[in-house]
Amino acid sequence: MIDFRYHLVSIVAIFLALTVGIVLGSTVLQEPLIKSAEETTAQLRKSNEDYRQENTGLRQREAGYDAFVTATSPRLLSGMLAGEQVVVVEAPGADAGTREPVTEMLTTAGATVTGWLTLTDKYLAAEQAGLVDQLATTLKPASITFAEQATPYDKAAVVLAGALVTREPAEAGKKDATAAGVLAAFADAGLLNLDQEPEQRATSAIVIAPASVYEGRTAEARTGAVVSLAQALDDTGRGTVVTGTIDAAGTGGVLTAIRDNGDVAGKVSTVDTLDMTAGRASLVYALREQLDGGSGQYGIGPAAASFLPTATPTPSPTSGG
């Protein structure tokens, strides 16, 4: 019969063998392993430094481009939008920091910004769709007919667009009591904010896309609501450009939704470089193209045809011309 001492000796022998194996293995393999690790670390360090230098160079180049565009934009954009009235609409989640630079670029081109309207989160909230539908139906002018399959946001888009823009030059730049009443009703319901009341209707519009892609189960519907408004503004006025950063041109973004829809992309222009000085100049060129009857998708994101319109836009005639 095998006694306890035999088991003890066996266990000690096993552990002794393991210990000897580990010691021998680490001694034999230590040098090549360390050498390999050192080589890999050196390669990674060099790659890191190369990327850092490349990134620094790209930042310096971008800063140079921005400085050039800033210095030359008064001459490059002068008269491009002279005599035009433009309304700016912010989608829920848009970066408020873009207001000043966008306004500055538009006024540099000679445009008058008739107002700045911001849609609220409540406007896109699923539980508020009934309120949006009710307001749109109640405020709809007799001259407007909703499409049979129109959603609450399709209806609201048509009504809001009619209050913000017009194709008729004689109506542009004049106060409109009906339009003011529509905007006031939506504002009183908490569906939009009027930081600068657009008492006068514009001839064209710029829509600022949300800074981040909408998420959640209602994301597609919310994105679609912004696209509907952009399309209605384009149909009602003389042109619309939707702009944002490269994020808005990614999967699920507002710009992507427009670019993926042939019917909308054929009418509404997009620019995905709003965070760049050159991109905001491109925004002016894209709006000029819209006013001249064209459209296009511009920037650096997917489906962008080029950074800006390839054809030189025709500047508006100045008052002295």
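Residues are numbered from 1 along each chain as its sequence is written, and side-chain values use heavy atoms, with hydrogens and water left out. Because the model is predicted, local features need pLDDT of at least 70 and side-chain atom pairs count only at pLDDT 80 or more, while totals for chains, interfaces and linings use all residues.

The protein has 10 helices and 7 strands, taken as DSSP runs numbered from the N terminus (helices: H or I, at least four residues; strands: E, at least two). Of its 321 residues, 42% count as buried; here buried means under 20% relative accessible area, exposed over 50%, and partly exposed in between, with a 1.4 Å probe and protein chains only. Among contacts with a separation of 6 or more, 76% join residues 24 or more positions apart, a contact being heavy atoms within 4.5 Å.

The interior holds a nonpolar core, that is, a set of buried Ala, Val, Leu, Ile, Met, Phe, Trp, Tyr and Cys residues joined through side-chain atoms within 4.5 Å. The largest such core has 51 residues, and the members touching the most others are Tyr 123, Leu 160, Phe 186, Leu 233 and Val 242. For Phe 186, with residues up to four places away in sequence not counted, the residues touched include Tyr 123, Leu 135, Leu 139, Val 159, Leu 160 and Leu 192. A second, separate core of 26 residues has Leu 77, Trp 116, Val 241 and Tyr 285 among its members.

With helix H4 (residues 129-139), the axes come within 8 Å and cross at roughly 40°; axes are lines fitted to C-alpha atoms, for helices over the stretch in contact, and angles run from 0 to 180 degrees between N-to-C directions. H4 and H5 are therefore oblique to each other (under 35 degrees counts as roughly parallel, over 145 as roughly antiparallel, 65 to 115 as roughly perpendicular, and the rest as oblique). Their crossing is left-handed, meaning that the near helix is turned anticlockwise from the far one by less than a right angle, with clockwise giving right-handed. H4 contributes Ala 129, Val 132, Asp 133, Ala 136, Thr 137 and Leu 139, and H5 contributes Pro 152, Tyr 153, Lys 155, Ala 156 and Val 159. This contact has 8 nonpolar, 1 polar and 2 charged residues, where Ala, Val, Leu, Ile, Met, Phe, Trp, Tyr, Cys and Pro count as nonpolar, Asp, Glu, Lys and Arg as charged, and the others, Gly among them, as polar.

With helix H7 (residues 219-236), H5 packs at an angle of about 40°, the axes being 8 Å apart. This pair is therefore oblique as well, and the crossing of H5 and H7 is right-handed. Among the residues that meet are Ala 157, Leu 160 and Ala 161 of H5 and Leu 229, Ala 232 and Leu 233 of H7. The residues of this contact divide into 10 nonpolar, 3 polar and 1 charged.

Ala 257 sits in helix H8 (residues 254-259) and counts as partly exposed at 29% relative accessibility. Neighbours within four places aside, Ala 257 is in contact with Thr 223 and Val 227. Lys 175, in the loop between H5 and helix H6 (177-188), is exposed, with a relative accessible area of 66%. The C-alpha atoms of Lys 175 and Arg 201 are separated by 7.2 Å, although the two are 26 residues apart along the chain. Ala 303, in the segment after strand E7 (297-298), has a phi near 70°, a positive value in a residue other than glycine. Ala 303 counts as exposed, at 54% relative accessibility.
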